[in-house]
Amino acid sequence: MTTFIQQTLHSVRNDRDVQDALFCTACWLGFASVVVASVALPA
């Protein structure tokens, strides 16, 4: 299991497309949580 995680991290470190996809996903998740928080908190 540890070897699989190490291989995955290694491939992510070397692959710009994967890094961009992860970053974009993280951005959208952050944006969505901010929107949800701004809608849910005042109510």
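These are numbered notes on the predicted model shown above.

1. Basis. Residue numbers start from 1 along each chain as its sequence is written. In this predicted model, local features need pLDDT of at least 70 and side-chain atom pairs pLDDT 80 or more, while totals for chains, interfaces and linings use all residues; side-chain values use heavy atoms, without hydrogens and water.

2. Overall form. The protein has 2 helices and 0 strands (DSSP runs numbered from the N terminus: H or I of at least four residues for helices, E of at least two for strands). Its C-alpha trace spans about 45 × 25 × 5 Å along the principal axes.

3. Of the 43 residues, 0% are buried (under 20% relative accessible area; exposed is over 50%, partly exposed in between, with a 1.4 Å probe and protein chains only). The accessible surface is about 3900 Å², and 71% of that belongs to carbon and sulfur atoms (Shrake-Rupley method, 1.4 Å probe; for residues, only the protein chains shown count as cover).

4. Helix 1. Ile 5 sits in helix 1 (residues 2-14) and is partly exposed, at 43% relative accessible area. Together with Met 1, Phe 4 and Leu 9, Ile 5 makes a nonpolar surface patch of about 480 Å². Patch residues have over 30% relative accessible area and no salt bridge; nonpolar side chains (Val, Leu, Ile, Met, Phe, Trp, Tyr) are joined within 5 Å, like charges within 9 Å. A salt bridge is a side-chain nitrogen of Lys or Arg within 4 Å of a carboxyl oxygen of Asp or Glu.

5. Trp 28 and Phe 31 are both exposed.
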